[in-house]
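Let's walk through this model one piece at a time. Keep the sequence and the 3D view open side by side as you read.

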Amino acid sequence: MAMLEVKDLEVFYGVIQAIKGVSFEVNEGEIIALIGANGAGKTTILHTITGLITPKKGHVIFEGQDITKTPAHKIVKMGMAHVPEGRRVFSQLTVYQNLKMGAYTRSDKNEIEESLGKVYKRFPRLEERKNQVAGTLSGGEQQMLAMGRALMSNPRIIVMDEPSMGLSPILVNEIFDIIQSVSASGTTVLLVEQNAKKALGIADRAYVLETGKIVQEGRATDLMDDESIKKAYLGE
């Protein structure tokens, strides 16, 4: 059984249909990439999976349980974390306070401290800046903070929306290295990413979204070699 199953999802904004019968699955331990142009519906799918939008039709199944109409905070508690597009850190709070906010669904203080230690080990810069106000961090540091905050909920699966957006090439490489290390430590990853080349470079499998529909799917290495994908998304 897949860890996450999305079945026949339909989402509307008023009369406009944004998602048109999308189905896909994510198996435990995989990195799955969802790629497509701006406006294809990638973020809408993530918002629906994580409980921020209720679909008109279809189902989201997480570890065998239908979570289609489950509130977002309960989905976090079940083991799914969301790193939103545009980072969305609490700009007036310190780095440390932001990270503690990520653990708001947890009650065991020792386990929270253990998670904090792991986050600082993975992101040494966050420990260096733990007392700094998050709004004064660089874009790359804010992205690390958004990822660290999500990891503080101790998720089984982490859903990331455009983690490389607006970052320099060096920082993009660093963020993708971190995503791979998060995956290697046992957390399943669903990745929405504009940089299709980088996403396919680390993913196991990928789905290609166009105007609210999945038009192609397969092993990431196969999609990298596909001429139509190269032309449309890889700039080749």
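Arg 205 counts as buried, at 18% relative accessibility; buried here means under 20% relative accessible area, exposed over 50%, and partly exposed in between, with a 1.4 Å probe and protein chains only. Bear in mind that this is a predicted model, where local features need pLDDT of at least 70 and side-chain atom pairs count only at pLDDT 80 or more, while totals for chains, interfaces and linings use all residues. Residues are numbered from 1 along each chain as its sequence is written, and side-chain values use heavy atoms, with hydrogens and water left out.

Back to Arg 205, then: it sits in strand S9. Helices (H or I, at least four residues) and strands (E, at least two) are DSSP runs, numbered from the N terminus. The side chain of Arg 205 makes a polar contact of 2.8 Å with that of Glu 30. A polar contact is a pair of N or O atoms within 3.5 Å; within protein, one must be able to donate a hydrogen and the other to accept it, and residues adjacent in sequence count only if both atoms are side-chain atoms. Setting aside neighbours within four places in sequence, Arg 205 is in contact with residues including Glu 25, Val 26, Ile 31 and Gly 218, contact meaning heavy atoms within 4.5 Å.

Now for the sheet around it. Strand S9 (residues 205–210) pairs with S10 in the antiparallel sense over six bridges; two strands pair if DSSP finds at least two bridges between them. Within that pairing, Tyr 207 has Glu 217 of S10 as its bridge partner. The hairpin of S9 and S10 has two residues between the strands, and Thr 211 takes a positive phi near 40° there.

Zoom out and you'll see an open sheet of six strands in the order S6-S7-S8-S3-S9-S10, with mixed pairing. Its edge strands, S6 (80–83) and S10 (213–219), each pair on one side only. From one strand to the next, the twist averages 15°; axes are lines fitted to C-alpha atoms, for helices over the stretch in contact, and angles run from 0 to 180 degrees between N-to-C directions.

Strands S3 (residues 31–36) and S8 (residues 188–192) pair in the parallel sense over four bridges, with Ile 31 standing opposite Val 189 in S8. Helix H7 (residues 169–184) packs on the sheet, touching S3, S7 (157–161) and S8, and its direction makes about 150° with that of S8.

What about the loop between S7 and H7? Glu 162 is found there. Its phi is near 55°, a positive value in a residue other than glycine, and Glu 162 is buried, with a relative accessible area of 3%. Asn 154, in the loop between H6 and S7, also has a positive phi near 55°.

Next, the helices. H3 (residues 95–102) and H6 (residues 139–151) pack at an angle of about 35°, with their axes 7 Å apart. Val 95, Asn 98, Leu 99 and Gly 102 of H3 make the contact with Leu 145, Gly 148 and Arg 149 of H6.

Finally, take helix H1 (residues 42–49): six of its eight residues are buried, so H1 is largely enclosed by the rest of the structure. Among the buried ones are Lys 42, Ile 45 and Leu 46. After H1 comes Gly 51, with a positive phi near 85°.
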